[in-house]
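Have the viewer ready and the sequence panel open beside it. We will go from stop to stop, selecting a few residues each time.

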Amino acid sequence: MPVYLGQKAPDFTVNTTQGPLTFSDLKGQWVLLFSHPADFTPVCTTEFMAFAEKYDEFQKLGVKLIGLSVDSIYSHIQWLRDIKEKFGVEIPFPVIADIDKEVARAYNLIDEKAGTTVRGVFIIDPNQIVRWMIYYPAEIGRNINEILRVVKALKFNWERKLATPANWEPGQKGVASAPSTFQDSLKNEKEPGARTWYLRLVD
Ligand code: BEZ
């Protein structure tokens, strides 16, 4: 069954540049799984370096980064060595060699025409539920700051049980859930931060 937002993330056991990895062993942690079309391609190289640059921030947020493509482990190793040699950037996260496309199929990541993975991003919560999924075109590199913003918003929601308004940034108010009874609607519009009976911003 393919992956769906709000559903259990498919489990897998794979070979990575940092050794074998079983996804279900990561239960209890936030995971950011992202796929790229191919090793040794220009946009993907910029993305890997951009993820590496923000690695410490992901670590501080308790998020485990995992890369993935259908390239072999030897291709991944050679590419990571090349990035280190040419750009002086060490890639600190594991990269899955999904040569039989098992993970790519489970996460609906295959570009059937190209036979490669698309640019996918999944944020998976500590209960291993898929909380965010997004696909980018092959020609468009991802914005790592936006990915970090979504991680922070999801963690804010997880910890505070508040939603976030449009363009939310850390430190800003959250959105209280809307009342579901007529009586509660009358109460809610009198609470601090109420803009109307169904919209209330709270710290
Ligand atoms: C790139 O990473 O540059 C790329 C990969 C696949 C298709 C187009 C661009």
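Predicted model: local features only at pLDDT ≥ 70, side-chain atom pairs only at ≥ 80, totals over all residues.

Residues are numbered from 1 along each chain as its sequence is written, and side-chain values use heavy atoms, with hydrogens and water left out.

**Stop 1: around the ligand**

Helices (H or I, at least four residues) and strands (E, at least two) are DSSP runs, numbered from the N terminus.

Which atoms face oxygen atoms of the ligand?

- Thr 41 places a polar side-chain atom 3.0 Å from a ligand oxygen.
- Pro 42 has a backbone N or O atom 3.3 Å from a ligand oxygen.
- Arg 119 has a side-chain N or O atom 3.1 Å from a ligand oxygen.

On its own the ligand has 260 Å² of accessible area, and the protein covers 72% of that. Accessible areas come from the Shrake-Rupley method with a 1.4 Å probe; for residues, only the protein chains shown count as cover.

**Stop 2**

Now select Arg 142, in the loop between strand E9 (130-136) and H5. Is Arg 142 buried or exposed? Its relative accessible area is 7%, so Arg 142 is buried; buried means under 20% relative accessible area, exposed over 50%, and partly exposed in between (1.4 Å probe, protein chains only).

A salt bridge is a side-chain nitrogen of Lys or Arg within 4 Å of a carboxyl oxygen of Asp or Glu. The pair links distant parts of the chain, with Glu 47 in helix H1 and Arg 142 in the loop between E9 and H5, 95 residues apart. Glu 47 is buried as well, at 1% relative accessibility.

The side chain of Arg 142 also reaches the backbone oxygen of Gly 120 at 2.9 Å.

**Stop 2: salt bridges elsewhere**

The count for the protein comes to 9 salt bridges. One of them joins Lys 84 to Glu 90, with the closest N and O atoms 3.6 Å apart. Lys 84 is partly exposed at 44% relative accessibility, and Glu 90 is exposed at 54%.

Go on to Lys 173 and Asp 203, another salt bridge, where the closest N and O atoms are 3.3 Å apart. Lys 173 lies in the loop between H5 and E10 and Asp 203 in the segment after E12, so the pair ties together parts that are 30 residues apart in sequence. Lys 173 is partly exposed at 37%, while Asp 203 is exposed at 65%. Elsewhere, salt bridges that share partners join Glu 47, Arg 119 and Arg 142 into one network.

**Stop 3: two lysines with positive phi**

Most residues other than glycine have a negative phi. Select Lys 101, though, and you will find a positive phi of about 65 degrees. Lys 101 sits in the loop between strand E5 (95-97) and helix H4 (102-106) and is partly exposed at 21%.

Lys 161 also has a positive phi, near 60 degrees. Look for Lys 161 in the loop between helix H5 (144-160) and strand E10 (174-175); at 63% relative accessibility, Lys 161 is exposed.

**Last stop: the whole model**

Zoom out to take in 6 helices and 12 strands. Of the 203 residues, 45% count as buried. Along the principal axes, the C-alpha atoms fill a box of roughly 65 × 35 × 30 Å.

Note on methods:
Polar contact = N/O pair within 3.5 Å; in protein donor to acceptor, adjacent residues only side chain to side chain.
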